[in-house]
Amino acid sequence: KRQVWGRATVVSPNAIETEALVGFPVNDRAGAERAAAEILKNGPKAVVLKRGSEGALLCSGDGCMEVPAFAVEAVDTTGAGDAFSAALAVAVAEGRELSEAVRFANAAGALAVTKFGTLAAMPTRAEVDAFLDAYA
């Protein structure tokens, strides 16, 4: 495992995936920071821990920062992590600062939980941009 994810620039697991990577429970901020530090030791430049309604924890060699979630009424969380990961990849590929990329990903994840299903719940770029404009 570590041979693969250790070569990644950014690793973005959820809590269950994080526990599988590090071998210990991640139940709170302290545990999340400890897990991120363990993952960072193995090669990635940054770790973005998806924390659902708590947002995301962005950790790198410079330390950790919370990127808050957007308050929405969730109806189905099934595809939220996928929406988040896809949006994070898009924003990183566009060259955005990582904290801004995580905010963009949080917006996509927030929009995804407001609809039922997975593919049908994936927000479009225009929807994510409009959502972020409303929070500007």
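What radius of gyration would a compact globule of 136 residues have, and what value does the chain have? In this predicted model, the chain has a radius of gyration of 14 Å, which agrees with the value near 14 Å for a compact globule with 136 residues. Along the principal axes, the C-alpha atoms occupy a box of roughly 35 × 30 × 25 Å. The accessible surface amounts to about 7400 Å², and carbon and sulfur atoms contribute 55% of this area. Of the 136 residues, 40% are buried. Among contacts with a separation of 6 or more, 54% are made by residues 24 or more positions apart. Charged side chains number 13 positive and 17 negative, with a distance of 8 Å between the centres of the two sets.

The secondary structure consists of six helices and four strands. Their order along the sequence is α-β-α-α-β-β-β-α-α-α. Strand β1 spans residues 10–11 and runs parallel to β2, to which it is joined by two bridges. Strand β2, residues 46–50, is in turn joined by five bridges to strand β3, residues 56–60, in an antiparallel arrangement. The β2 and β3 strands form a hairpin with five residues between them, and Gly 52 in the turn has a positive phi of about 60°. Strand β3 also pairs with strand β4, residues 63–67, in the antiparallel sense over five bridges. A hairpin is formed by β3 and β4 as well, here with two residues between the strands.

Individual bridge partners can be followed from strand to strand. Val 11 has Val 47 in β2 as its bridge partner. Val 47 is partnered in β3 by Cys 59, and the bridge partner of Cys 59 in β4 is Cys 64.

The burial of β2 was examined next. Five of the five residues of this strand are buried, so β2 is largely enclosed by the rest of the structure. In a regular strand, side chains alternate between the two faces of the sheet. In β2, Ala 46, Val 48 and Lys 50 point one way, while Val 47 and Leu 49 point the other way, and all of these residues are buried. Strand β3 is mostly covered, with four of its five residues buried.

When residues up to four places away in sequence are not counted, Val 47 touches Val 11, Pro 13, Ala 36, Ile 39, Leu 40, Leu 57, Leu 58 and Cys 59. Two of these residues, Val 11 and Cys 59, are also bridge partners of Val 47. Leu 21 lies 26 residues from Val 47 in sequence, and the C-alpha atoms of Val 47 and Leu 21 are 12 Å apart in space.

Definitions and conventions
Residues are numbered from 1 along each chain as its sequence is written. This is a predicted model: local features need pLDDT of at least 70, side-chain atom pairs count only at pLDDT 80 or more; totals for chains, interfaces and linings use all residues. Side-chain values use heavy atoms; hydrogens and water are left out. The radius of gyration is taken over C-alpha atoms; the globule rule is 2.2 Å times the number of residues to the power 0.38. Buried means under 20% relative accessible area, exposed over 50%, partly exposed in between (1.4 Å probe, protein chains only). Contact means heavy atoms within 4.5 Å. Accessible areas come from the Shrake-Rupley method with a 1.4 Å probe; for residues, only the protein chains shown count as cover. Lys and Arg count as positive and Asp and Glu as negative; His and the chain ends are not counted. The place of a charge is taken as NZ of Lys, CZ of Arg, CG of Asp or CD of Glu. Two strands pair if DSSP finds at least two bridges between them.
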